[in-house]
Amino acid sequence: MNSTLGHVDRASVVTLEQAALELVEVGRYLGQQGLVPATSGNFSRRLNPHAVAVTATGLDKGFLSVEHILESPLDGPKPPRSSFETELHRELYRRNPDIQSVLHVHSVASTLLSQRYAAAGELRIVGYELQKALFGILDQHVEAVLPIVENDQDIDRLAQTVTRRLADTQGTVVGYLVEGHGLYTWGRSVEDARRHVIGVEFLLNCELEKLRWGRPS
């Protein structure tokens, strides 16, 4: 059985201005949660079947303005000032036409756990009530799966590695981790993706606490 990316519905076309306002707002919120320190992280929003809005590079995502949100085609060259990791976003949109927003954050938990479980190639989380807030999971006994990929500064190659890993992973995938780097997750709207970020990060913090206590996952 192929992995499940969670069910997301198609959304209507939005303007760059509408998308920018949504991404600025989510950036402020995630910044307040300490999930995008310094200039880390990047966000995007689908505009239509052929283009997405994506954050510009080198900025504190907690203090974005609408002019920091750029339009990028799904195919072809990305805008010169757009995030270095734009292709990771575009590949997810191409892979699943129902995805409407992709959010990438950096946290202590996602960074450390992606290193801790890199050799296993994935982190499987089970037994938490909060899992039911993620991707249609109805039972806390259903595993929430996070594939882990080795970091690579060749972003096009990394995007293809992610695509292969997502296709090969069994179970309900709730995002993926880049080793030593952070979390990518998505949703049927910016708000949906934001909820997934917060939910997955809560689970990651629980798993990190288990390790501190010397308890197995």
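Colleague: Is His 106 buried or exposed?

Modeller: Keep in mind that this is a predicted model. The relative accessible area of His 106 is 16%, and the cut-off for buried is under 20%. So His 106 counts as buried.

Colleague: Which residues does UniProt list for "binding site"?

Modeller: The entry is an unreviewed one. His 106 sits in the loop between β4 and α3, while strand β4 holds His 104. For "binding site", the UniProt entry gives His 104 and His 106.

Colleague: Which side chain does the side chain of His 104 join in a polar contact of 3.4 Å?

Modeller: His 104 is buried, at 0% relative accessibility. Beyond its sequence neighbours, its contacts include His 89, His 181 and Glu 85. The polar contact of 3.4 Å is with the side chain of Glu 85.

Colleague: On to the rings: is the pair of Tyr 176 and Tyr 184 stacked or edge-to-face?

Modeller: The whole structure has 3 aromatic pairs. In this one, the ring centres are 5.0 Å apart and the planes are at 10°. Planes under 30 degrees apart count as stacked, so the pair of Tyr 176 and Tyr 184 is stacked.

Colleague: And how many residues apart in sequence are the parts that Tyr 176 and Trp 186 tie together?

Modeller: That pair is tilted, with 40° between the planes and 6.4 Å centre to centre. Tyr 176 belongs to strand β8 and Trp 186 to strand β9, so the pair ties together parts whose separation in sequence is 10 residues.

Conventions. Residues numbered from 1 in each chain as written. Predicted model: local features only at pLDDT ≥ 70, side-chain atom pairs only at ≥ 80, totals over all residues. Heavy atoms only, no water. UniProt positions renumbered as here; feature names shortened; annotations may be inferred. Helix = DSSP H or I, 4+ residues; strand = E, 2+ residues; numbered from the N terminus. Buried < 20%, exposed > 50% of the residue type's maximum accessible area, 1.4 Å probe, protein only. Contact = heavy atoms within 4.5 Å. Polar contact = N/O pair within 3.5 Å; in protein donor to acceptor, adjacent residues only side chain to side chain. Phe/Tyr/Trp six-rings, centres within 6.5 Å; stacked < 30°, edge-to-face > 60°. Lists of a residue's contacts leave out its neighbours within four places in sequence.
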